Amino acid sequence: MKTSILAANEPHTIAVAAAAIQAGELVAFPTETVYGLGANALNAAAVEKIYVAKDRPADNPLIVHVASPRDIETLVSVIPPIAQRVIQLFMPGPISVVLPKSAVVPSITTAGLETIVVRCPSHPVARALIKAAGVPIAAPSANLSGRVSPTKAEHVLSDLDGRIPYIIDAGTLEYGLESTVIDCTGPTPILLRPGAITKEMLEVAIGPIDTAGSQSPVKSPGMKYRHYAPHTPVLLFTGHPQDTEAAILTMVAKLPPTERVAIIGYSAGFIESNFVRTLSADPIKAAPLLFGALRELDTTSVSRIIVQGYDDRGVGAAIMNRLRKAASSMIEL
Ligand code: TXA
Ligand code: MG
């Protein structure tokens with residue numbers, strides 16, 4: 001299959017992509033978080049193609065995207081008051097809510113679960129596509145299963161070239177981290193995946209929430225898989241920035257001259273080069289560039305990618321959640 005790249009600002013792009021969705025085909029499209037791989041969420045045969053294209057395990061359910069928060073109603077059997085509040089305050093935006101599903105959603109979309117994750121993205125191209133298609137769009141991140149989520153159209157192409165007909169290219173994205181996932185099916189909401197809508201923000205809005213991990217069995221099937229992993233081993237340093245900076249610089253200075261490593265960091269001691277990516281010390285500004293840096297450095301010949309960790313608060317908690325999954329080893333200072 002030939003994969004065509006459609007520029008988001010070309011006049012016919014949305015019509016072509018919407019027609020493909022209506023015909024049961026796949027379209028990779030931008031959202032404000034990461035690029036998604038979309039299919040008509042109500043068409044089981046179309047949704048099946050997502051699992052095939054990504055090599056995604058059949059027990060890992062998909063997020064269903066709507067053009068407007070009010071379109072959530074038909075997909076779910078009930079919207080409890082806490083979920084209403086989350087929807088009202090944070091949608092459209094980078095958050096997804098787990099609710100009991102309604103009968104219109106085929107079981108393949110939710111991997112057989114009685115719950116469904118719904119999300120109303122804020123990216124104008126995502127919203128225009130869903131609106132023009134006239135159906136809710138099931139979309140996981142548009143990477144091969146287990147790989148780093150794509151934040152540029154070229155990342156999608158490098159994973160899925162030849163496997164999907166269309167990619168809509170809208171350049172770089174606002175957040176660069178997958179949406180926050182919050183389970184609102186029980187008495188106390190549970191944070192299943194941290195994201196740009198932080199635990200702190202949610203607690204101000206809806207009171208105490210639990211964190212995934214304190215429940216069993218696994219509440220979010222996808223979280224049990226190793227995610228976000230480049231091919232190159234990632235070594236993650238955690239601790240105070242001054243300590244991680246010093247430890248990384250010392251380690252690199254002691255390497256044998258034959259070993260070349262890459263660094264992703266934000267302290268002043270790191271100088272941007274072919275093998276060093278300097279991000280902002282502010283996790284909100286760093287997040288949109290992080291996955292791209294991991295993907296780019298993964299294409300170099302380095303033996304390891306060394307990453308300077310962030311503080312586990314706010315958006316830093318979301319970054320660290322992804323980095324811990326990407327890391328093959330960690331040094332805690
Ligand atoms: O930002 C995002 O959320 C992006 C964009 C494209 O919207 N999508 C995304 O999808 O990250 P994906 O499939 O890569 O991650 C969805 C996560 C997975 O961990 C999955 O297991 C979980 O949500 N999930 C899906 N349906 C669920 C359900 N019914 N109950 C619990 N977790 C669910
Ligand atoms: Mg994913």
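Student: Is Ile284 buried or exposed?
Tutor: Since the model is predicted, this is a computed assignment. Ile284 is found in helix α8, and its relative accessibility is 55%. The cut-off for the exposed class is over 50%, so Ile284 counts as exposed.

Student: How is α8 oriented relative to α9, roughly parallel or roughly antiparallel?
Tutor: The axes of α8, residues 283–298, and α9, residues 315–326, come within 9 Å and cross at roughly 20°. Because angles under 35 degrees fall in that class, α8 is roughly parallel to α9.

Student: Which residues of α9 does α8 meet?
Tutor: From the side of α8, the residues taking part are Pro283, Ile284, Ala287, Leu290, Phe291 and Leu294. By class, this contact has nine nonpolar, one polar and one charged residues. Their partners in α9 are Val315, Gly316, Ile319, Arg322 and Leu323.

Student: Which strands are the edges of the five-stranded open sheet?
Tutor: The strands follow the order β14-β13-β15-β12-β16, with parallel pairing. An edge strand pairs on one side only, and this holds for β14 (276–278) and β16 (329–332).

Student: What angle does the direction of α8 make with that of β13?
Tutor: Strand β13, residues 261–265, pairs with β14 in the parallel sense over three bridges, and Gly265 stands opposite Thr278 in β14. Helix α8 packs on this sheet, touching β12, β13, β14 and β15, and its direction makes with that of β13 an angle of about 175°.

Terms used: Residues numbered from 1 in each chain as written. Chains lettered and ligands numbered in written order. Predicted model: local features only at pLDDT ≥ 70, side-chain atom pairs only at ≥ 80, totals over all residues. Heavy atoms only, no water. Axes fitted to C-alpha atoms, helices over the stretch in contact; angles between N-to-C directions. Helix = DSSP H or I, 4+ residues; strand = E, 2+ residues; numbered from the N terminus. Parallel < 35°, antiparallel > 145°, perpendicular 65-115°, else oblique. Contact = heavy atoms within 4.5 Å. Nonpolar A, V, L, I, M, F, W, Y, C, P; charged D, E, K, R; others polar. Buried < 20%, exposed > 50% of the residue type's maximum accessible area, 1.4 Å probe, protein only. Pairing = 2+ DSSP bridges.
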